[in-house]
Every structure is written in C-alpha cells, then in structure tokens.
Amino acid sequence: MGKTPNRNSRGCYPGEVPCRSFLKKQWMKSKYVYIMAIPVMLYYLLFYYEPMYGALIAFKNFSPAEGIWGSAWVGLKHFETFFSSYYFERLIMNTLLINIYGVIFSFPAPIILALLLNEVKNKAYKKMVQTDSYLPHFVSLVVIVGMILEFTSKDGLVNDIIAMLGMQRVSFMTKPEWFRTIYIASDIWQGVGWGSIIYLAALANIDPQLYEASKIDGAGRWKQMLHITLPGLAPTVIILLILRIGSLMSVGYEKIILMYNPAIYDTADVISTFVYRKGIQEMSYSYSTAIGLFNSVINFILVVSANFISRKTSETSLW
Amino acid sequence: MTIKRRLSEGVFDIINYFILLLLVLITLYPFLYILFASLSDPLKVLQRGSLLLWPEGFNTGAYKMVFKNPMILTGYKNTIIYVVAGTAINILMTSFGAYVLSRKDLYGRRFFMFMIAFTMFFSGGLIPLYLLINQLNMVNTVWAIIIPSAISTWNLIVMRTSFEAIPDSMFESAKIDGGNDFTILFRIILPLSMPIVAVMILFYSVGQWNSWFGAMIYLRERELYPLQLILREILITNSVDSMTAGLGGDIEPIAENIKYATVMIATVPILMVYPFLQKYFVKGVMIGAIKE
C-alpha cells in the first residue's frame, strides 16, 4: 500500500463523488427504506416516466409492430397537421373558454359560500348546510351526468320548470350555445360545498382577537369582513388561483365524454376529448400523442409561470 | 351599537340564512325528485310535467326490473372486487411511498420527492399510457383497473405530511429495540396514523367505486364491467332495451322510470354511509391543505 489520502468528515476521499464509503454507510443505515422505495419508484417509472418516453411517437409514425424506437421519424409533421387543421382553433377556444368561465363563475362560488357560512352563528344550522353541500361531490360522474341529461331533456325537470314559468321548452343537449352554461352550472352544483372546506379552514385560523379588537374600535360586521376576514383569506385564494390559472389549458375529458354528442361538438369538444377520439377510437396514435404533448407542454409552462409571477408579486407560491 | 346598524345586521342574517336554505334545497331536490319519480306511476309523471313533491301513484315496478337485469348484479360484484383489491394496493403502496419520503435523514430523499412531484406538473399524456397498458398485456384483466392507479400523488403527499408529524423519538426508540423499517411502519407508524389511514381508505375506495374511464378503454368483456360502466349504458348511451324488451306498447315512460330507479340503486349505498364518514373526508382535505 502506498500513501493513503486522508478521509474527510463524511468518511470520503477528497474528489471521490459520490463517495463509496458514504453510500455504503447510507445503505447500511436505511437498507429497508430503500427496499420500500423500490416498488414505489418502479410504479412511477413505469406509469409516469415510460409514457413520457412513449410521447416520442409524436415525432414518429408509430406502428405497434416496430415499437416506439423502431418507428420512422417524421419530425414535426403531426404538429403541423394539427396547427393547420380546421379543429385547431375550435379546440383551443373551447378549452380556454370553459376554463375562463370556470375562473369567473366556479372559482369564486366556494369563497362566497365560505364567507356566508362564516357569518352563520347557529352551529347546528351551519353544520347542516355543510353536510348537505358536500354530498354531490361523492356521487359518481356517471350518475351526475345521467341526472344532467335527464333533467335537461325535452320533458325533464328543467324544462318542466321553464314551462311552468310560461316559456318555451328548450332541447338543451342539442344546442351548442347551452353546453358551457350546463357544464359550469353543474360543476358549481357538484363542487361548491367541497371547495368551501379549504376556505373555511383558512377562516378558522384567523385570530379571534382581531375581531375583538375591531369591535372595540366600533367596526360592524361589514367592516370586519372587509378588513379582517378578506385579508385573512387572501393567501389561500391566491394559491388556489395560481393552481387554477396553471390549468387554464386543461379540461378533464371524463365529464365531457359522458355529456357531449356530435350535435354540440362546436362548443363541447376540447383538446383532451379530441385526443381521446383520435387516439383511442380512431387509433391515430402518433397524431393524438402530438396533440396531447402540445397540451402538456403548454400546461407545464402555465403552471411554472403562474407560480413565478405570484412569487415575484406576493411572496405566495407553490414551491 | 346603534339601532340602525343592529337592524341592518338582522336583515343580513335573515337573508343569509335564506340563501343557505335555498342552497340546501337546490342540492337535495334533484335527488329527491329522482327518488319520487322512481317510485311513481310512469305515465302520471309524464303527464304531470311539473315539480314532484311526492311520488305520484306508488309503483316499485322499475326497481323490480332493474334487479332482474343480471348486469346490475354482475357490475355490483365486480365493483366490490375492484374496490377491495384496489384499495388494498393503494394503501400499501401509498404508505411505502409516504414512509420513504418522511425519513428526513434519507440520502436521496430530495431526488425521490422531485421525481414524484414532477409527475403532478407534466405527463406523457393519455395515449402513450394507453399503448403501454396494451403492451403490458393488462388489457381485459383486473390489473388494468387497479395497477395504473396504485398511487395518487396527492394522497401520497398528504400521508407523508401526516407521517412527518410523528416525533423522531418514536423511530429512534423502535430502532434501538431492534425493529427494522418494515416493522416500524406496520407496528408503529400505521397504528399511530389510523385517522389518516381511514381518510385514505375512504378517498381511494370512493375514487375506485366511481371510476369508469379506465374500465371503458381497457375492458372488452362485459362480464368484467364495473357498476359504473353498466350505469353508463343505462343512463347515457340509452340501452334500456334489454330490460324493456317484450313489454310492448309505449315503453318510453317505463324506460325513464328504469333510469330513475337505477340512479337510486347506484347512489343509495354512498348516501347511506356518507353521514358517518363525512368528518373523515373533511379531515383529509385539511391535512392536504397544509403547505410545506
């Protein structure tokens, strides 16, 4: 043996990165934790990271026989086809509009509900309203959409009410102009109660002393709401708004696939439902993957920039 | 406090209580309407054409017809299998992941955390996943339903937050007593975290109970269909024909009644357990809301 270099405080030789004796020590210490991590990491690699690799077929003409790597490269062909297709503008507009209406109508609804509930002094009444309003959140989408279709049909409940008020019955689900209203209204109906929980938690965290002090200063409930409740709620609202804006270009396909029909594709068809139809029903794998990838990239950019802007302006951010 | 102000606040309270009462009615009435309509005489509902406040003529025929449909029972059976098996895998995998991420001194923890959190922001999309499941030969098997959804990243992070709240001294004393990490997880951490485990069981099992999309794209054989897919056929793609075949006459009103009865049969189990579980659901949202 020649001269042995001195080990540093971690037990490593200088310049040895990563250092074997350090790794060995970590392994000995947490062997079973690493064994536990194996199935979890395999799960994420297989079901999240393998599909990211699989998204390469967006740049190829995928054929199952040749596999992901073996299929021929075609560059940006599928993206160009999509950008120049008749559907491009419609899909982008529909996806954006559903989200913009969502931000305008669905987003504030639970905040308003939480503020109203916060003003209720009778505990039993508050509890009753809360319990009741969470309920639709747990009913399956299939049943919810089944109910929507039933109620909006020509002889359904909504039309019965319209007829009672002396107006003409409307065939809602064949009229593209009604789709967004029905989608957003049913979203609010199903989610307003559940969405309010997080705001109620934030309200419960406001220091009661603030209210006491303001009362001594002569502030009424309106002033208290304006100067104590709303500022106390602001950080939660901002965080959730960032998340919401980060998903401005994504709409879940499940509810729309259940709701729509070709007569209302004009307003109801969004990027994710188009990907589903092209990819799974028509088996244009590469083309639909390209559209999906385009959407994923935009979503990623949106979340990252929403977070960046929020961190710069308000010190509230997701990470 | 001035009289004027007290008066205006009193008016506000009354309006507030009224708005919330209206919300309760709007939430509940659709379910009540379906209950009443399902128990009504089908022709009378159609003729009445207005709000139902009570069943019109009493008739349980629709329920009998739904239960005679063998697919409803098969669907129920399959759903129960998927919920039980799926939730067991969910809880095992999620607690493994949460335990790994909660070990603060673990070398590589930040890497694991990044690898998991990144999937919340970027994904390869629906089609590559679909092709993968096809390639793994999972199509038309139970595995396609329960394995791809083995972990919900959101739930994993909620559970990790809850594990991190357990004092380190618990781990250290268990280590000194010769326990390895598996025994620490199963004998100490999970029993100490029963409330959060309950929340996770509830979130996962409700999710599994309500899921239909995976089953629709991965299952070919009707014998494997979960309840939600059968419901979709009855409620949305309108195939009540199998149940009304041979009835003759005007089947339209009866078909409507069958739909209402189906909604009730599929929803009642959740409505029954819901009041008892409600407080756990709320707890889960609260833990998830804690920002790191």
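Reply: A residue is buried if 20 or more other C-beta atoms lie within 10 Å of its own, and exposed if 12 or fewer do. The model discussed here is a predicted one.

Me: What percentage of the residues in chain B is buried?
Reply: The cut-off for a buried residue is 20 or more other C-beta atoms within 10 Å. Chain B has 292 residues, and the buried part of them amounts to 35%.

Me: Is Asn137(B) buried or exposed?
Reply: Asn137(B) lies in the loop that runs between helix H6 (126–135) and helix H7 (143–146) of chain B. Its phi is positive, near 55°, although the residue is not glycine. Because Asn137(B) has 10 C-beta neighbours inside 10 Å, and 12 or fewer is the limit, it counts as exposed.

Me: Is Met283(A) buried or exposed?
Reply: In chain A, the loop between helix H14 (271–281) and helix H15 (285–314) holds Met283(A). Here too a residue other than glycine has a positive phi, with a value near 60°. Most residues other than glycine have a negative phi. Since Met283(A) has 11 C-beta neighbours inside 10 Å, it counts as exposed.

Me: How many strands does chain A have?
Reply: Chain B has 15 helices and zero strands. In chain A there are 15 helices as well, and the number of strands is two.

Me: Which helix gives the most to the side of domain 1 of chain B that touches domain 2 of chain B?
Reply: Chain B is assigned domain 1 (1–59) and domain 2 (61–289). Their contact takes eight residues from domain 1 and ten residues from domain 2. On the domain 1 side, helix H1 (3–38) and helix H2 (42–48) of chain B each supply at least two residues. With four residues, the helix that gives the most is H1(B).

Me: How many charged residues are on the side of chain B that touches chain A?
Reply: The contact between the chains takes 64 residues from chain A and 70 residues from chain B. On the chain B side, 50 residues are nonpolar and 14 are polar, while the number of charged residues is six.

How values were computed
Residues are numbered from 1 along each chain as its sequence is written. Chains are lettered from A and ligands numbered from 1 in the order in which they are written. This is a predicted model: local features need pLDDT of at least 70, side-chain atom pairs count only at pLDDT 80 or more; totals for chains, interfaces and linings use all residues. Two residues are in contact if their C-beta atoms, placed from the backbone, lie within 7 Å. Ala, Val, Leu, Ile, Met, Phe, Trp, Tyr, Cys and Pro count as nonpolar, Asp, Glu, Lys and Arg as charged, and the others, Gly among them, as polar. Domain bounds come from an automatic or database domain assignment.
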